[in-house]
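The sequence and structure follow.

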Amino acid sequence: MKFHKLVLSSICFLIFINHCYSQEINEKTVQLKVNIQELKDFKENVKLIFNRTDTIVLINKSKTRYEGELKGRFDFERPQSARLMVNADGVGQDVKIIQSPYFLIDSSNIVVNWDLGQVISVEGGPENHMLQLFHKVEQEAASEIKNYSIGLDRDIIDSINQVKNIKLLKLIEGHNDSHTAYTKLLTLLRPSSFDLREQIANTVPSFSKSSFSEDELSLLKNRYEEYVQRVEFQNDPSNFPVFSTLPFQETPSFESLKSQHDYLLIDVWAPWCGPCLAQHPTIDSLYSTNKDSKEFTIVGLAISSNKDHWLNYLKKGVVKYPNYYLDSDNSDIFK
């Protein structure tokens, strides 16, 4: 009996502690102040969008200052993202929507300074500070690319982005208890960062077990492994899907055409797809310009379509480049 009372008391105590902890973590009131340069042609007040869909209208305190109060379930260690939005007069009668870069709800008092462009500074908690460091690295890379003349070599752009990713990775490594750093690492799991996969692999297990749950750490590990497998698969040219096609009129088979060229631009379309048909003259012009090239050609693949509709459309002579029809089974394989 005493044991049962002890167990019951312990459970009640844990429930109470958990309730207090949940209240401490989740039930928040956030005071937000926004300093913004004057824009005379505002159509509406400044709005704050958070939690993706929730919106509040900020109170206009002066020509440059706006304030708002948020009440809800906020976890400052794993903060929600937010952004500002204003509607201003555009050209003619159009409404121009101006949105700020993202910042984080990571403190009970947040001050946002915004110049109505991409420049924004935030006085808040440590997660916003971390986000500002990432923004600075990304803005520096964007400015460096913009400062080059038109026609910047692709290799130079890739080199600038590579340096940017290395800097982002070093920031992440130095802040392995930050949820913002955790989220940023997930965004680096893309093909352009594949050369850094070994550094990323070393960073994945470095995140603090005291700051992240086992599920979060396991998710990061699994995402990394999936990312490597996916990019390796994409980088292997032998992994192109195998499917059967019906050529239009006397067109060579798709497989033979594919084997004759190093590069193939595939126009995936359907007779019922308006935007697909609208771009056909442009694609056909590109094909005519390059039709004698042995390295590159263009082909059309009609998927998810009625065969008779496909035939009737091509018989009009709208396009000259080789076209092929995929029935429903082969459309699914290709997709």
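Across which strands does helix H9 lie, and at what angle to S13 does it run? Helix H9 (residues 280–290) lies across S12 and S13 and runs at about 145 degrees to S13. Helix H10 (residues 307–314) packs on the sheet and touches S11, S12, S13 and S14. Contact means heavy atoms within 4.5 Å. Axes are lines fitted to C-alpha atoms, for helices over the stretch in contact, with angles from 0 to 180 degrees between N-to-C directions.

The model is predicted: local features need pLDDT of at least 70 and side-chain atom pairs pLDDT 80 or more, while totals for chains, interfaces and linings use all residues. Residues are numbered from 1 along each chain as its sequence is written, and side-chain values use heavy atoms, without hydrogens and water.

The open sheet has four strands in the order S11-S14-S13-S12, with mixed pairing. Its edge strands, S11 (246–247) and S12 (263–269), each pair on one side only. Strands pair if DSSP finds at least two bridges between them; helices (H or I, at least four residues) and strands (E, at least two) are DSSP runs, numbered from the N terminus. S13 (residues 296–302) and S14 (residues 323–325) pair in the parallel sense over three bridges, and the partner of Ala-302 is Tyr-325 in S14.

| Pair | Angle |
|---|---|
| H9 and S13 | about 145 degrees |
| H10 and S14 | about 165 degrees |
| H2 and H3 | about 170 degrees |

Helices H2 (residues 126–147) and H3 (residues 154–173) have axes 10 Å apart. H2 and H3 are therefore roughly antiparallel (an angle over 145 degrees).

Key: Parallel < 35°, antiparallel > 145°, perpendicular 65-115°, else oblique.
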